[in-house]
Structure formats: structure tokens, C-alpha cells
Amino acid sequence: MAMATTNRHLAKEPFNIHEDEIPLDDASTQSHTQCDDDDADNAEDYEDHLDDEAEDDGHETPDEDGDSDSSSASDENEPIDLTVQHDMEKLQTTFPDFKDNYRLIKRIGEGTFSTVYKAEDMQYHRYDNKWDIDAKDHQWTPPPLRSALHAKSEPMSRHTRRKPKFVAIKKIYVTSSPARILNELELLHDLKDSLSVCPLITAFRHADQVLAILPYFRHQDFRRYYPNMTIYDMRVYFRSLFTALAAVHEKGIIHRDIKPTNFLYDPEKKRGVLVDFGLAEREGTDCKPCLCHEDRQVRKQRLHQSVAFSSAHAGPQPGYPKNDTRPSRRANRAGTRGFRAPEVLFKCTEQTTKIDIWSAGVILLTILCKRFPFFNSADDVEAMIEIATIFGSKRMKQAGQLHGCMFDTNIPTIGVQGFSFEKIMLWSTCRSDGKDAKTNALTEEERGAIEFLTRCMDLDPGRRISAEEALRHEFLQVDREEEAEMDEEEVMML
Ligand SMILES: Nc1ncnc2c1ncn2[C@@H]1O[C@H](COP(=O)(O)OP(=O)(O)OP(=O)(O)O)[C@@H](O)[C@H]1O
């Protein structure tokens, strides 16, 4: 078993997977060199997976949200599909020491890039578990020597038996490029101390098989709780999500795949963790200057020049040339359809952490409108049409120009002005039938949510709120309210 340079449960050294023991198999390396060559192809690759996912957005079944302490009994009794059982057995035999370290319980998620299993961490008590936010003893203790991993465990009496501790084992498919896997693990390692981010405990490689070990995080299926969320619940949920985003963005990392299934939220404990850094990247990777980062005056001047140039050569003609010889614009479009920011759709070459804020805004829009998925496009052009229907052609044109793109449409359902989020929320929650003026108007707290949403879903990434600013926004000031409520209760008790 090849182990990462990090000691298990204690990551001190820079993360580095040793590839010296058994070289990664050529086939997997090759297939991904092709993907990595070309961002556009890569994006298509992701789209296929992500498109499937939007239909089947939840990986969990309703009983997969069991508490890490209490669900074990029901987990044990759950029937396991034969193929899953076969895969689990294969996984246990592939990694020689696996059974000494982990006891596989069930499959909890399956994506295009990985399968995730719930397992009991058999050696939990032998390590420093700084990552365990639920641990009573949260003190740092020196890690054991590596040889302790192979030491025979002492038999435990019935009385001394400790509570089982669970982990999520992410088996990354061999079709993922080694560079991509390393990128995910390195980013997770960088984020190991970040609030609300699911930390990486350790990772293993055997031949072309890579396992990432994460703490198992109890959560519920988004589809189960979002229809009943009050505005207060939303504020608590987004406080937690933006805490994670602020931590990720502070490190200059773009997550790129913010969506409900990647934010594991426990409504009871009112906390969530961000997972899946498979598409994440450092801001500035493969970046080329884009007009959106220029000064407003410079941008205006460039646009004038380009319009003047096209008028002089072919006249200002709407439409597109039949034989377009211009090289197509390339940019990273990785992400999930329906959650992609407008600048991603416009193929901005200088994308920033703000693309995550837009996606978080889409989650808020989904909850406020009680429709999941809110956007349901088959491709980027349809996605653009959906956004344009809300924002109107005038603002879409301006948004396109920010990135040096022209936006034009003759689709009759896209008006010039678009619609306000307030109207969309009332329509989608069937509160605009004109009968009752009171239910057909937003409450003050709903207006507060819409105001926050408007800041998150600003078409201009430069004006869009940052995670840090969002945490200071009125809408997310839930801690202070809770504290005030607690103080009040204390006063009452006195
Ligand atoms: N730490 C964890 N605790 C509990 N469940 C987890 C954990 N990590 C992942 N899961 C479950 O596994 C699912 C898939 O995990 P993840 O998103 O990391 O893999 P993926 O292959 O990239 O998936 P996708 O293709 O859906 O993006 C999650 O949606 C979640 O249900």
C-alpha cells in the first residue's frame, strides 16, 4: 500500500503522492493527457457527467443521512446490492492493509469521477484526530509512530468498547488523470484547517487506484429539507456555506462546482461542509487577460474600436458568418449545468472565485422559488437563454461586452428588461394570482433574502459580492441574533 507523505490523521508535510512504488498505468495516464490538453474537451467531459447529475442530483437515499454515531445499526442491516458488494470486496482486497484499517459499510455516493463508501475507522483511537469536530477531546496529541499502524490491536472488553467512528472513502476512478487527482488532494491538503470544508484525513494509492479518506459527515438530502426551509433556516444554511467559501477563496482557490450535493448539510445541527474539490483550481491557472478586468474606460474604448473595425470591413451585421475562420475561444467551463456563472458561459478567460458566489446564488434562488433544479438547460446556449429570460437582453448584452462578447437574440420570450427576482419568486411559489394582496407581496425578511440574492447573482463578477463581504451582509448576521436570543433567555431565567 502506498501511503501519502502525510501521517494518517495528521497532515504536516506538503502533500505528495509517491508514484515510485508502482507506476501509474499507461492507459490511464494517456487517456487523461488528452483531456488535459484541451480545456474545452475537458469541459465536455465534465458536462456529460454533470448533465446526468442534474437529473439525478441527490446521491443519497433518505436513509443515508444517518448520524455517524447512531446510524451504524441500521446501516449494518441494510441490504447491499450484489454488484456493490462485489466492488466493496474488490476494494478491500486491492489494498493489502485495508481490512486492518477500515470496515466498509455501504456505498453512499457515486459520481462520474468517484464512488464514495461509508466505513468504520478501525484505527481511529490510535491517531491524532484534529479533524474531528465532534470529538470531545479536541486537544492535539503527538501522532503515533508509523509502525503503530501495523501493531496488533489490543482486544477490547465489552465495557471498554469505544463508539465507532466513521469515514467516507472516496475511490477515485482510474479514468481520472493523475494530475487531476493530485490537484484535488493537494487543494484539500491546503484547506485542511479551513472552517466548513471537509478535511482530507489521508490518501492511499495502489497501482492506479487512489483512495481519499475523509471524515464521514452526517447530512440530509437537499431535496428533503429545502421545501420547508424558513428564511431563518436559509440564513443559517448560507452562513455556513459562505464560511466555507470565504475560507476556500482566501486561499485563492475556486471550487467550480458549488451545488447542493457538494455542500453536505445537517439541518439538525445547522452546519454543513463543502466537499468535492475534483474540479477546483487555483485562481489564475491557465489565465489569459480578459476585458472584464480592464478599467471601464479602456473596455469602452476597445469595444468602440472593435465595432468600428467590423463596420469598416463587413458592416454591423447581426448573426454569424457561415464560414467562421476565427479560432474558437477557449476557457475552462467545468462545472454543473444550471450552476454555471454567466462569465463561464461567455467563456471568460480570467475567471475568479466569484463564479462560486453565482452558484451559491442559484442555490438560494432554488430554495426561495421552491424549484429544484431551478435551471434545467441541456447545454450552455440554453443556459444563456434561461439567464437572459430573467435578466433581459439589455443587461445580457452588457454582461457579454464585459468579456468582449456580443449577445443578440430574437427569441420572443426574452424581453429587453427581464423580470425581477421578486416577481420570479412570487410566480414560482404561486403567490401571484391577484386574489390576496397580502400573500402576493413579499414579507420584509423575504425582501432581505432577495436583496442578498441580487448581490450574489450580479451578472458582473466585478460587482458581485465576495464571500468575505457576504459574511458581513445583514442577511447572514445570524450568530449575533442567536447570541442576542440566548442573552435574552438568560436574562429571563435570572
Ligand atoms: N465526507 C463525506 N461524508 C458523507 N458523505 C459524503 C462525503 N463525501 C462525499 N459524500 C457523498 O458522496 C457523494 C459524492 O461525493 P463527491 O461529490 O466528492 O464525488 P464525485 O464523484 O465528484 O461526485 P459527483 O460526480 O456527484 O460530483 C456526495 O454527494 C455525498 O453524498
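Buried means under 20% relative accessible area, exposed means over 50%, and partly exposed lies in between. Please keep in mind that this model is predicted.

**Exercise 1.** Find out how D132 and K165 meet, and decide whether each is buried or exposed.

*Solution.* 
- Step 1: The side chains of D132 and K165 form a salt bridge, with 3.3 Å from N to O.
- Step 2: Both residues sit in the loop between β3 (114-121) and β4 (166-172), and 33 residues separate them.
- Step 3: D132 has a relative accessible area of 7%, so D132 is buried.
- Step 4: K165 has a relative accessibility of 17%, so K165 is buried too.

**Exercise 2.** Classify R326 and D324, the partners of another salt bridge, by their accessibility.

*Solution.* 
- Step 1: The N to O distance in this salt bridge is 2.8 Å.
- Step 2: R326 reaches 59% relative accessible area, and therefore counts as exposed.
- Step 3: D324, at 39%, is therefore partly exposed.

**Exercise 3.** Work out which parts of the chain the salt bridge between R333 and D380 links.

*Solution.* 
- Step 1: The closest N and O atoms of R333 and D380 are 2.8 Å apart.
- Step 2: R333 lies in the loop between α9 (296-313) and α10 (342-345), while D380 belongs to helix α12 (residues 380-402).
- Step 3: The two are 47 residues apart, so the pair links distant parts of the chain.
- Step 4: Both R333 and D380 are buried.

**Exercise 4.** How many salt bridges does a search of the whole structure find?

*Solution.* The search finds 17.

Conventions
Residues numbered from 1 in each chain as written. Predicted model: local features only at pLDDT ≥ 70, side-chain atom pairs only at ≥ 80, totals over all residues. Heavy atoms only, no water. Salt bridge = Lys/Arg side-chain N within 4 Å of Asp/Glu carboxyl O. Helix = DSSP H or I, 4+ residues; strand = E, 2+ residues; numbered from the N terminus. Buried < 20%, exposed > 50% of the residue type's maximum accessible area, 1.4 Å probe, protein only.
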